[in-house]
Number of protein chains: 2
Amino acid sequence: MATTMEKTYVVGMDIGGTNTVFGVVDSRGNILGTDSIKTGAYEQAEDYVAAVCERLMPLIEAHGGAEKFRGIGIGAPNANYYKGTIELAPNLPWKGIVPLGQMFKERTGIPTALTNDANAAAMGEMTYGAARGMKDFIMITLGTGVGSGIVINGQMVYGHDGFAGELGHSIVDSTPEARQCNCGRKGCLETYCSATGVARTAREVLVANAEPSLLREIPAEQITSKDVYDAAVRGDKLAIEIFQRTGEILGKALTNFIAFSSPEAIILFGGLIKAGDFIMKPIQEAIDKNIQPIFKGKAKLIISELKDADAAVLGASALGWEAK
Amino acid sequence: MATTMEKTYVVGMDIGGTNTVFGVVDSRGNILGTDSIKTGAYEQAEDYVAAVCERLMPLIEAHGGAEKFRGIGIGAPNANYYKGTIELAPNLPWKGIVPLGQMFKERTGIPTALTNDANAAAMGEMTYGAARGMKDFIMITLGTGVGSGIVINGQMVYGHDGFAGELGHSIVDSTPEARQCNCGRKGCLETYCSATGVARTAREVLVANAEPSLLREIPAEQITSKDVYDAAVRGDKLAIEIFQRTGEILGKALTNFIAFSSPEAIILFGGLIKAGDFIMKPIQEAIDKNIQPIFKGKAKLIISELKDADAAVLGASALGWEAK
């Protein structure tokens with residue numbers, strides 16, 4: 001029967017430094033089942049792929065088996081869309097170049113495509129979220145690091161080598177005092193505007209400033225961006241100042257991105273955005289203050305419409321429909 | 001006869017703050033005749049268009065008349081590709097929004113398209129120059145200002161409003177000491193890496209430094225980037241230092257652009273590039289030093305293959321073939 005050959009589902013898989021989450025998604029964007037494993041528990045990529053498949057294959061079987069699946073879409077740091085590889089990823093346990101797409105395809109029999117996690121988030125936003133109908137937008141993910149997915153003329157920007165869209169590593173501070181980044185350089189946006197960047201700013205502000213703060217009750221090295229948010233909610237002046245500084249740096253950086261591709265919107269996603277107006281207002285103010293006259297008031301600053309829990313899997317799944 | 005209806009030619013027109021140059025170009029990129037007028041002599045856009053057409057129409061007539069022309073392509077600062085307008089151009093005499101495309105179309109009867117001058121240069125490079133066959137590259141024009149034209153997936157990046165590609169206004173210095181830019185902001189790339197930026201650096205270096213220099217023979221306010229080059233050629237240490245600093249700033253900025261779109265090449269064009277190794281070596285060194293590991297050694301740094309005299313008209317003419 002022809003119907004048994006129909007490719008009804010895709011797998012969306014999000015590979016993070018801590019967890020790998022995967023799910024079965026139908027053509028309407030419904031997540032029909034998910035599971036996860038710990039990424040860091042597998043030093044060898046082969047063992048990792050085997051462990052994922054041990055959990056994934058039952059999900060696939062429960063939805064009619066591999067022949068009902070159009071593709072597997074994977075979002076992962078340092079993923080190369082053109083080659084289906086993960087290359088030199090500092091936050092993943094595997095060194096060098098890992099042909100992850102091919103490895104999953106061989107094990108599952110399903111075509112597999114990879115892109116970086118922020119690109120996957122942008123695809124999710126374009127397919128199911130705030131960017132529906134937009135042809136030019138930039139997605140910025142503010143998590144442990146800062147990622148980005150760029151869409152121009154309705155197409156994901158992969159660049160000549162598949163690695164475009166590393167806006168978290170734009171240099172925003174060129175002074176000798178700029179912060180050291182994990183990428184080996186200094187002054188990258190990510191060192192200021194990620195969750196870890198906010199925690200770092202908190203430690204600096206507390207040292208540089210004698211004012212009382214709720215944050216002083218926490219050992220400096222243990223302060224998280226969540227602590228800063230909790231303190232800000234309780235009216236803590238230094239905590240509010242920390243978000244103010246973070247937003248200023250991000251807003252200024254966004255004006256540079258706007259000067260590049262003049263997007264219709266900048267879509268923000270990730271844990272840091274939960275700080276709400278504490279961070280959003282300084283970002284918007286910094287944009288308004290630093291934007292070139294020709295772009296004034298044009299690019300909308302909006303928050304992702306996808307639920308945190310679903311966004312990564314949904315985004316990656318959108319890529320699954322194009323897998324070859 | 002069908003042949004008399006064939007659209008054999010285009011007009012390429014480059015509108016600069018000082019001169020407007022235009023020429024008739026055939027489908028092979030041969031420039032068959034050019035003329036020019038002074039842009040600044042016409043305070044009213046109507047008078048300006050009339051003055052251009054007074055010189056342009058005889059050229060058009062000499063090549064078979066308007067019906068032999070496929071289009072007029074115009075490169076101009078702050079040109080809006082989508083609307084055919086020039087908007088808020090600080091270096092042109094006309095204020096507000098000027099519907100230049102429509103004005104030329106009405107006077108000549110030939111479809112007219114506009115884009116900014118750096119986009120036109122990129123189109124020229126893609127059609128006739130160093131970027132033939134490339135799908136992802138960034139053109140940087142280093143003249144009185146710093147312009148850029150970005151090509152991604154084989155398409156010119158216009159952005160949602162037609163103004164994308166303002167890389168000369170990337171903020172490269174966020175400190176309070178950053179240089180004031182004509183655009184109203186501080187720390188723009190253009191204030192450091194244009195011909196005027198080099199002259200500005202020269203004045204600063206001469207004040208900050210007691211060393212002897214050939215440049216001290218010139219009144220500080222009259223120093224040009226050409227003077228700095230001439231001094232560098234004669235082995236002047238401070239002049240060489242000035243190009244070194246300029247190249248460092250530009251190279252660092254280029255790593256940010258590479259992180260955005262991961263181009264196959266960065267193509268440099270304009271007066272400043274005549275400084276040769278004095279500027280090219282520091283640029284390449286700053287790229288190598290500041291590039292993210294994932295992009296190391298990938299994007300080629302190359303010099304435009306188009307002759308200065310022809311590039312602007314050729315680039316703009318490439319747009320003429322698409323005019324509607």
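How many helices and strands does the secondary structure of chain A come to? The count is nine helices and 13 strands, where helices (H or I, at least four residues) and strands (E, at least two) are DSSP runs numbered from the N terminus. The model is a predicted one, in which local features need pLDDT of at least 70 and side-chain atom pairs count only at pLDDT 80 or more, while totals for chains, interfaces and linings use all residues. Residues are numbered from 1 along each chain as its sequence is written, and chains are lettered from A, with ligands numbered from 1, in the order in which they are written.

Turning to overall dimensions, the C-alpha trace of chain A spans about 70 × 45 × 35 Å along its principal axes. Chain A has a radius of gyration of 20 Å, which agrees with the value near 20 Å for a compact globule of 324 residues; the radius is taken over C-alpha atoms, and the globule rule is 2.2 Å times the number of residues to the power 0.38.

Between the chains, 39 residues of chain B are in contact with 40 residues of chain A (C-beta atoms, placed from the backbone, within 7 Å). On the side of chain B that touches chain A, H7(B) gives the most, with five residues. That side divides into 15 nonpolar, 15 polar and nine charged residues (Ala, Val, Leu, Ile, Met, Phe, Trp, Tyr, Cys and Pro count as nonpolar, Asp, Glu, Lys and Arg as charged, and the others, Gly among them, as polar). Because 100% of the interface residues of chain B are also interface residues in chain A, the copies meet through the same surface.

Helix H7 (residues 237-261) of chain B also packs against helix H5 (residues 195-208) of chain B, at an angle of about 125° and with the axes 10 Å apart. Axes are lines fitted to C-alpha atoms, for helices over the stretch in contact, and angles run from 0 to 180 degrees between N-to-C directions. H5(B) and H7(B) are therefore oblique to each other (angles under 35 degrees count as roughly parallel, over 145 as roughly antiparallel, 65 to 115 as roughly perpendicular and the rest as oblique). Among the residues making this contact are B:Val198 and B:Leu206 of H5(B) and B:Ile242 and B:Arg245 of H7(B).

Methods. Contact = placed C-beta atoms within 7 Å.
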